Amino acid sequence: MKRIHKERDRLLRRLARITGLVGVGSALVCLLTPGVTTPAELAVTSILSVAMAALVGVHTVRGAMLPALGIVGGSLVLIIVLGTTSLLDPATMTAMALSGGMTSASVAISLIVRPRGPLLVAGFLAAVLGALWVVSAWGQDLRTVAVGTVAGWAACMALGAWVDRAIADATERIDEVGRAHEAERLASELEAQQRQDARVLHDTVLATLSLLAHSGVGVGPSALRQQAGDDARLLRQLRLGAPLDAGSTAIFSPESDDDVLSTTFESVRLRFARMGLDVNWHGAGQLALPRETLDALLGALGECLENVRRHSGVNEADVTVTDDDRTVRAMVTDTGTGFEPDAVDGARLGYAESVVGRLNTVGGRARVFSSPGSGTTVMLEVPKP
């Protein structure tokens with residue numbers, strides 16, 4: 001907000017500078033018309049014009065009050081000088097009107113938005129009109145100059161107020177867009193957290209319940225107790241309102257530390273060895289990926305191995321990890337019963353969320369190659385930072 005106000009004040013001072021300098025220059029051009037002023041009068045008015053131009057520059061750069069007082073005061077002096085020593089021909093009248101309605105009025109553009117700015121501007125305008133009244137008291141008809149002066153000040157005040165209102169409206173719209181963006185961001189984060197919680201529950205609690213439903217076939221009692229204990233801790237977190245940990249931290253060890261490399265591919269192998277699935281590892285055993293990417297890869301890899309354990313009919317799988325300058329690839333292969341990929345419902349939570357959904361969140365992808373009786377190969381890819 002402060003920055004917007006600074007930019008508003010800078011714009012108003014720029015408009016005031018243009019208006020003030022145009023007023024000074026135009027009045028001086030009128031006075032340079034041959035026969036309008038004497039050499040002495042021209043010298044005095046030229047000095048006043050140069051001084052007011054300098055004050056316009058100082059005021060509109062810093063917004064100080066003293067230069068603004070000087071601009072209005074100089075305009076008053078110029079009006080009095082022209083009204084008392086010269087013949088009021090059209091050129092002189094025009095110069096007086098420009099001095100009162102443009103040069104002095106230019107300060108209203110930037111002052112109108114200040115605290116008590118309208119009162120200050122009204123005081124300046126009263127001072128200019130007072131100078132015109134003094135001159136008219138000596139028998140000069142200055143109604144045209146007075147009307148031009150009032151019109152100029154009104155236009156400058158309206159310009160400053162309009163710019164201020166327009167910027168305020170734009171600020172309100174920006175705030176509305178910001179609030180809408182924040183609400184959308186919070187909704188997206190909530191949805192992402194809910195989807196992540198669903199993945200974690202699918203990969204842990206539901207998997208353990210499935211084992212229990214099948215009487216823990218293929219899994220030793222101690223391994224089943226350990227897995228159930230891990231799941232119990234996750235459920236306790238959920239019951240207490242704490243968000244579930246992301247990715248592999250929640251899946252493989254809810255109490256692991258926060259080091260980026262603490263959860264390695266070896267932890268995946270050990271977990272499934274405990275569950276009765278032998279994983280033959282080939283290639284890299286640990287990769288320095290960003291935590292979010294590593295968690296997504298390990299989570300998807302864990303779901304693929306869980307599918308091998310539950311659906312392939314074999315107790316052995318091969319995992320080959322390779323990488324290049326851009327991508328890390330993990331290929332999960334088994335020699336089990338296989339299946340027809342096109343016949344699998346793409347909306348199934350296990351594959352759509354725990355594998356494809358996880359990898360999509362970090363810019364990765366998954367591909368499945370399988371056929372009945374020929375085993376299955378799943379290629380998981382995530383980008384390097």
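**View 1. Helices α1 and α2 are roughly antiparallel to each other, a term for angles over 145 degrees, as against roughly parallel under 35, roughly perpendicular from 65 to 115 and oblique for the rest.** This is a predicted model, in which local features need pLDDT of at least 70 and side-chain atom pairs count only at pLDDT 80 or more, while totals for chains, interfaces and linings use all residues. Residues are numbered from 1 along each chain as its sequence is written, and side-chain values use heavy atoms, with hydrogens and water left out. The axes of α1 (residues 2–31) and α2 (residues 39–62) cross at roughly 175 degrees and come within 9 Å. Axes are lines fitted to C-alpha atoms, for helices over the stretch in contact, with angles from 0 to 180 degrees between N-to-C directions. Helices (H or I, at least four residues) and strands (E, at least two) are DSSP runs, numbered from the N terminus.

**View 2. Residues in the contact of α1 with α2.** Among those of α1 are Arg13, Leu21, Val24 and Leu28, and the α2 residues they meet include Leu42, Met52 and Val56; contact means heavy atoms within 4.5 Å. By class, there are 10 nonpolar, six polar and three charged residues. Ala, Val, Leu, Ile, Met, Phe, Trp, Tyr, Cys and Pro count as nonpolar, Asp, Glu, Lys and Arg as charged, and the others, Gly among them, as polar.

**View 3. Helix α4 (residues 90–103).** Of its 14 residues, 10 are buried, so α4 is largely enclosed by the rest of the structure. The buried residues include Met93, Met96, Leu98 and Thr103. Buried means under 20% relative accessible area, exposed over 50% and partly exposed in between (1.4 Å probe, protein chains only).

**View 4. An open five-stranded sheet with mixed pairing, in the order β1-β2-β3-β5-β4.** Strands β1 and β4 (365–370) stand at the edges with a single partner strand each, so one side of each has no neighbour in the sheet. Neighbouring strands are turned by 15 degrees against each other on average, direction ignored. Two strands pair if DSSP finds at least two bridges between them.

**View 5. Pairing of β1, β2 and β3 within the sheet.** β1 (residues 278–283) and β2 (residues 316–323) are parallel over six bridges, and Gly283 has Val321 in β2 as its bridge partner. β2 runs antiparallel to β3 (residues 327–334), with six bridges, including that of Val319 with Val332 in β3. Three residues lie between β2 and β3 in this hairpin.

Technical notes: The expected span of a helix is 1.5 Å times one less than its number of residues.
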